[in-house]
Amino acid sequence: MALFEHQTELSCSPTGLFSFLTRPANISKVSDPNLQVTFVNAPDEIEEGVELEFQIVSFGQVHTLKHKIIEFQDGSHVVEEQLEGPMKSWKHSHRYESADGGCRKIDVVEFEPPGGLVGFFLTEDKVIDQLENGFFYREERLKELISQGAIV
């Protein structure tokens, strides 16, 4: 199983960032526009047990994914797991902590790339490259929103 980790330090409160990022509509606002993240079925706010259905564009193809929130600790921790999608497995842990001058968001993604023909194109290295690019974009976008006062 492949592992990807990313840490972001931001000048806002952990609860403010958590509140912002647990609203699916806001995920689209901070996702790389090339992915064209679109929620097909999602509540206004997530909580444990909720299933999220969304579409992304990756490597020129539209993928429909379904994730379930399997852990949810208000203000500090969310874990989502793929129920349906292109990967053999996908588990994403989001942790929010206090840090000097703001907060630290720690993301850990454990995944297993698909097999077959799709796996030939969607290799572990390519997935990690996409994750690095996506998290870089998200970090820059979050900094903009914090500077505008949209996240406190």
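Reader: What should I know about the model before reading it?
Author: The model is predicted: local features need pLDDT of at least 70, side-chain atom pairs count only at pLDDT 80 or more, and totals for chains, interfaces and linings use all residues. Residues are numbered from 1 along each chain as its sequence is written, and side-chain values use heavy atoms, with hydrogens and water left out.

Reader: In what order do the strands of the sheet stand?
Author: Helices (H or I, at least four residues) and strands (E, at least two) are DSSP runs, numbered from the N terminus. Two strands pair if DSSP finds at least two bridges between them. Here 7 strands make an open, antiparallel sheet, ordered β1-β7-β6-β5-β4-β3-β2. β1 (2–10) and β2 (38–41) are the edges; each has a single partner strand, so one side of each lacks a neighbour in the sheet.

Reader: How many bridges join β6 and β7?
Author: β6 (residues 89–99) and β7 (residues 102–112) pair over 11 bridges, in the antiparallel sense. Trp90 stands opposite Phe111 in β7.

Reader: Which strands does helix α1 touch?
Author: Contact means heavy atoms within 4.5 Å. Axes are lines fitted to C-alpha atoms, for helices over the stretch in contact; angles run from 0 to 180 degrees between N-to-C directions. Helix α1 (residues 14–21) packs on the sheet and touches β1, β4 (61–73), β5 (77–84), β6 and β7. Its direction makes about 150° with that of β6. Helix α4 (residues 124–147) lies across β1, β3 (51–58), β6 and β7. α4 runs at about 15° to β1.

Reader: How many disulfides are there?
Author: A disulfide is a pair of cysteine sulfur atoms within 2.5 Å. The whole structure has 0. The sulfur of Cys12 has its closest cysteine sulfur in Cys103, at 3.8 Å, which is too far for a bond.

Reader: Is Cys12 buried or exposed?
Author: Buried means under 20% relative accessible area, exposed over 50%, partly exposed in between (1.4 Å probe, protein chains only). Cys12 is buried, at 4%. Cys103 is buried too, at 1%.

Reader: Which residues touch the most other members of the largest nonpolar core?
Author: A nonpolar core is a set of buried Ala, Val, Leu, Ile, Met, Phe, Trp, Tyr and Cys residues joined through side-chain atoms within 4.5 Å. The largest has 23 residues; Leu10, Cys12, Leu17, Phe20, Leu21, Leu142 and Ile151 touch the most other members. α1 gives the most to this core, with 4 residues. A second, separate core has 11 residues, including Trp90 and Phe135.
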